[in-house]
Amino acid sequence: MAERRQVGYSVHREILDEGAVDEMAQKSDSKTSLCEKVKTSMSCSGPRLKNCLLGSVPVMSWLPRYSIRENALGDLISGISVGIMQLPQGMAYALLASVPPVFGLYSSFYPVLIYFIFGTSKHISVGTYAVMSVMIGGVIERLAPDSNYMIWDNLTNSSIVNISLRDAERVRVAAAVTFMSGLFQILLGLVQFGFVVTYLSEPLVRGYTTGAAIHVIVSQLKYTFGISPERYSGPFSLLYTVFEICYLIPETNIGTLVVSIVAILGLIFAKELNTYLSKKIPVPIPVELVSIVIATVISWQVNLQEKYGVDVVGVIPSGLQPPVLPAASLFGQVIGDAFALSVVGYGIAISLGRIFALKYGYKVDSNQELIALGLSNTIGGFFQCFAISCSMSRTMVQESTGGKTQVAGALSAIVILFITLWIGTLFEDLPKAVLAAIIFVNLHGMMKQFMDIPALWRSNKVDMLIWVVTFILTLLFNPDLGLAAAIGFSMLTVIFRTQLPKYSILGQIPATDIYRPLEDYNQVEQVPGILIFRSSATIYFANAEMYQEALGEKSGIDITKILSAKRKLDAKRKRHEKKNAKKAAKKNTEGEPEREEQNGIAIIEMDAEPDPSLPRAIVLDLSPVNFLDTVGVKALRSIQRDYGEIGIQVVLAGCQTGVVDNLQTGGFFNDKVTKSCLFYTVHDAVLHCQSTRTHRQNEVMYKCASLLLM
């Protein structure tokens, strides 16, 4: 291995404390007032109005510059491919949402067009998404269960479900929760709340989507086996549903099970063939479309519904539905679910959008994405759509087939419009088991996310714990409550990591101004007489007391014990002085001559030599600290006071500007403590401590001796 080049350099400057830095850099004390900030934000000019308009409606900025020669062909092929995928997925995910399949097609049309106008990602494919659909299905089953629509059938002398009334109410619920989730997204976007996605870490999102995928699979088992289990809601509903399905398995419809198995095996084979041919053909084979066409033709020819009792899609109305106002009476019942939908949908879309933006070198506006998705869902709610997000499988197809702009998404919506107006009725004989099979096969990517666990175990065990706990919470508490609980747990891990940071004593790398933890490096030496202490986290109310305890433990100084002993000796010395003063006053009043030495008087002698086991100075390295609250400031003030009382000088180093301001406002400085105890770097602080001698009057050890009468 080539030897590392040694580059010699030297820097000559004075030792800089915070006061010197402020003077040299001429720190400005002027701050913009709130009124000025509001006035500036409300001011309007021509260029600012133009930028605001183009930022709010991004299509106006990029569409006039659209290059037909470079982008049109790729967007056309991509749009048709994604539109074809939208057909089976829209119908399948409508079953997840517990609404008729045609509403999945509506949800693949209106919101996509709205996103085309307001979205900023060029590559993601918005539309129906499995996780969102199963969350909506849970809300619908809770508010519009089958039991509410049972009627008596005189022909069979039994109770049956009034499907038309039930489906109409379920569509109203889906539209209401979608409208509310869109409003939440718009409001969050307007208040610049796009940073909320930072609380959805990648392990949390992947664990959550894996858990939600299990919910999706379990919800589709009834179509695979041809059974009708009771739908449960609330915590632990997944377990109840699994037990119910296991109980009903003996009632499996054999025809439905055969259709499911054949469809799943056929789709897996076709997917593998697609992967094998991906480099040889420009456009992937539309596997799902071919599957539903073949299944519909076979079902129609064999009459699977009549002969074998296989459940089919049923009536699919042609044309588009007129807009309808969402049912305001349902808003109060779905507000919590709507907020969960808004956060989940946005988190998934922005995560995938940022991946492709980084890959192709453009920027995705997180706040504008919130508004775009919010408008898509809000306007979609008027047209009886259910909440949408970004699908990873369709996005990969859109990107791999040459899609370069949002035009590909608009073309896919036109394909769905064509299907809805003229072709949709042809799929009325499609078995629902085939749609369930499409969902199962499309979820295989999410099932691969289980491989994250061993990878995270090797790289970061805390992230692995977040993944596993998020997965378990999502399974037990359903996707809505599971998400809230997972975010809460993720925040707790942050609190625990800041509450239990790593505390280190730093030493100097010889002949450098670099300081590193003694326990991590072999060639690092502690500076004689100076203790350099650092915490890996900020100092605030949750760990301020532990910071003080760790300093005592690392330094070997029991400050409480030393101060207690010192104060006892001080009190004893003061009592002796007071006693001596009284005796002297008494002798003076009796007229006796003053004697230099009195019988029985205790004399307190002071040893001027410092205790060699104690450091001369302590340097607190605050470079990792990004803020201080009042408790943290009090902790630092207490450290400086207590250690200063026993003669140890305490100085601070590496303070950021915000930390200095926190110290200023927190009352750290006074007439005796100035910014001269704050140093620009640790090395500055060490040089200062080496060049000064600390007064040790408060630290000296007291000895008591009782003198005998002369």
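**Inner spaces and an enclosed helix**

At least two lining residues of the second largest cavity come from helix 10 (202-225), and at least two from helix 15 (331-360). Helices here are DSSP runs of H or I with at least four residues, and strands are runs of E with at least two, numbered from the N terminus. The model is predicted, so local features need pLDDT of at least 70 and side-chain atom pairs count only at pLDDT 80 or more, while totals for chains, interfaces and linings use all residues. Residues are numbered from 1 along each chain as its sequence is written, and side-chain values use heavy atoms, without hydrogens and water.

A cavity is a set of points, on a 1 Å grid over the protein atoms alone, where a 1.4 Å probe fits but cannot get out; its lining residues have an atom within 4 Å of a point. The second largest cavity holds about 50 Å³ of space, and L200, L204, V205, Y208, V344, G347, I348 and L483 line it.

In the largest cavity there is about 100 Å³ of space. Among its 14 lining residues, V112, Y115, I124, Q406 and G409 are the closest to the centre. Helix 5 (68-96), helix 7 (110-118) and helix 18 (407-423) each give at least two residues to this lining.

Elsewhere, helix 27 (residues 682-691) is largely enclosed by the rest of the structure, because 7 of its 10 residues are buried (under 20% relative accessible area, with a 1.4 Å probe and protein chains only). These buried residues are V682, H683, D684, A685, V686, H688 and C689. Their cover includes strand 5 (503-508), strand 7 (530-535) and strand 10 (649-653).

Key. On a 1 Å grid over the protein atoms alone, a cavity is a set of points where a 1.4 Å probe fits but cannot get out, and a pocket is an open set with protein on both sides within 12 Å along at least five of seven lines; lining residues have an atom within 4 Å of a point. Grid points are joined across faces, edges and corners, and a volume is the space filled by probe spheres set on the points. Buried means under 20% relative accessible area, exposed over 50%, partly exposed in between (1.4 Å probe, protein chains only). Contact means heavy atoms within 4.5 Å.
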